[in-house]
Amino acid sequence: MDPAITSELSKFNDDIPFRAATNHTQSTWARTFHSSPELYIQPQSIAEVEKLVNLARRCRRRITTVGCGHSPSDITCTSSWLVNLDKFNKILSVDKEKCIVVMQSGIRLFAVGEELDKVGLAMPNLGSINDQSIAGAISTGTHGSTLKHGILSTSVLQLKIILANGKTETCSPTQNEELFRAALISLGALGIIVEITFQAVPAFTLAWKQVVDRDLSMFNSWNKDLWTQTEFVRVWWFPYTRRSVVWTAEKTKLTPRPPPKSYYDAWLGFHIYHNLLYAAQYVPRMLPWIEWFVFGMQYGFPNGSTTSAIQPSRQALLMNCLYSQFVNEWAIPLHKGPEALHRLSSWLNHLTPEDPDYVPHGIPYSADGLWVHAPVEVRVTETSNSTTPRPHLDPTCTEEATLYLNATLYRPYDMDPPCRTRYYQGFEYLMRELGGRPHWAKNFDANGKDIEEMYGNKLLEWRKIRNDADPEGMFVGEWHRRYILGEGRKLALEEVEVGRKKIWGGGVLVMGEVEDDCGLSGSTSEESFDHLRESDVTVKG
């Protein structure tokens with residue numbers, strides 16, 4: 001550890017631990033990005049988090065918070081201090097009558113589900129995975145697929161967040177509301193969320209089924225009952241075979257029944273598919289055949305093939321992500337979904353006017369020689385009728401329900417697929433033209449100017465709250481500057497990227513540094529504290 005840090009640490013006259021390690025390498029779950037933080041810190045109490053924030057301010061360091069690293073982007077890359085809350089993971093209290101749960105922010109969603117199940121409660125909704133920490137899922141706008149629920153943050157009743165001044169602030173719809181709205185999707189740039197009060201529901205079981213059919217059947221039911229036939233609905237769309245799998249689930253009192261064994265989720269199917277994707281790295285035109293074969297084996301080749309099961313909600317709502325992957329997901333108005341998928345199909349399949357599925361795609365990028373992975377994940381959420389405070393950076397629609405389209409590209413054996421650049425160029429062009437906004441935790445290529453146009457005054461409001469809470473940029477890195485902070489002056493503790501390089505084994509190593517523009521690097525900790533005293537305020541709602 002840097003002797004200067006050790007010296008500052010010795011000036012804290014307390015017995016509060018500072019649990020820091022050196023020589024740590026942090027990687028995303030998908031191994032797309034890697035970084036080597038100066039310190040890797042795992043606090044176990046609010047007092048420890050407050051202490052590390054105060055120490056970072058005195059030592060002029062940036063802080064990044066990370067959970068499981070499931071976002072495949074470089075948002076959590078840092079060469080400064082990395083705080084992981086995996087050991088700050090307890091359920092603090094449960095009100096079974098009101099279904100209100102208070103928990104530490106580092107607890108993973110799978111642990112939340114397990115603990116709530118013990119007392120007869122459950123989360124009302126889940127995304128496709130449950131590896132994330134509760135704070136990470138909230139901070140990036142995680143969602144499920146249902147018109148009966150909004151994004152995960154709509155179930156948050158109250159937050160406690162530690163700001164750059166080292167103080168813990170409580171915020172809710174009735175206390176510090178503007179800070180609450182900014183913190184609900186904070187992208188790690190506001191402070192460290194340490195405690196969450198969450199509205200749970202009585203535990204429930206889901207009877208689900210999935211049916212594979214021509215995508216025409218899905219399109220024909222789009223404006224009828226596709227998204228309203230059950231409480232939970234999601235779709236996987238297969239562009240080359242022009243088929244879709246519609247998954248529906250409804251609450252039931254029936255006895256649980258596990259899904260039938262699938263070769264796809266077993267060892268053999270996993271490795272067959274993985275190696276076929278690897279072969280397609282060199283012979284991409286195999287991919288339409290791979291789509292037909294792999295997903296025919298999984299879901300059934302005949303149209304109408306059906307699979308069903310009855311499971312607790314915390315199991316039924318999940319899916320297997322399989323391999324390392326890039327994910328590019330956008331939110332668009334629900335009614336524009338058929339247009340989006342038809343245009344994408346025309347582009348990828350080179351459809352001509354003679355084809356009954358043809359529509360002019362209008363995508364100004366060639367699809368010649370372009371072969372992509374399947375499926376495209378299609379999900380919905382409804383926040384336009386929400387009565388809870390809306391996060392400033394909420395990507396969902398305000399006038400109608402929201403459709404999420406997720407273009408996944410696998411990285412077989414951690415190799416980037418050759419189609420990525422052109423596929424995502426075309427996909428994002430289409431999404432922007434349809435009024436879309438990218439999911440914050442995914443691999444989007446839209447730039448800061450694009451984001452400013454998408455969010456307008458809401459982004460400006462969020463920046464003001466962020467700057468009031470963290471005037472020196474202790475929680476700001478290159479990702480934040482690139483996408484959401486604009487072209488303003490660099491903040492004193494803002495980390496800037498100084499290099500990146502591809503590493504053996506796959507992925508990119510990102511290197512950054514903090515250049516203290518305030519000239520405080522040579523000043524004492526007391527002088528630094530005095531300089532920051534002006535930020536010791538509560539952000540007013």
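Hi everyone, let's start with helix H10, residues 337–349: its 13 residues reach 18 Å from first C-alpha to last, close to the 18 Å expected at 1.5 Å a residue. That expected span is 1.5 Å times one less than the number of residues. Helices (H or I, at least four residues) and strands (E, at least two) are DSSP runs, numbered from the N terminus.

This is a predicted model, where local features need pLDDT of at least 70, side-chain atom pairs count only at pLDDT 80 or more, and totals for chains, interfaces and linings use all residues. Residues are numbered from 1 along each chain as its sequence is written, and side-chain values use heavy atoms, with hydrogens and water left out.

Back to H10: 11 of its 13 residues are buried, so the helix is largely enclosed by the rest of the structure. Buried means under 20% relative accessible area, exposed over 50%, partly exposed in between, with a 1.4 Å probe and protein chains only. Among the buried ones are Trp-347 and Arg-343. So what covers them? The cover of H10's buried residues includes helices H6 and H11 and strands S15, S18, S19 and S20, with contact meaning heavy atoms within 4.5 Å. Just after H10, His-350 has a positive phi of about 55°.

Now S15, residues 232–238, where seven of seven residues are buried. S15 runs antiparallel to S16, joined by seven bridges, and antiparallel to S19, joined by three; strands pair if DSSP finds at least two bridges between them. Val-235 stands opposite Val-246 in S16, and its bridge partner in S19 is Val-378.
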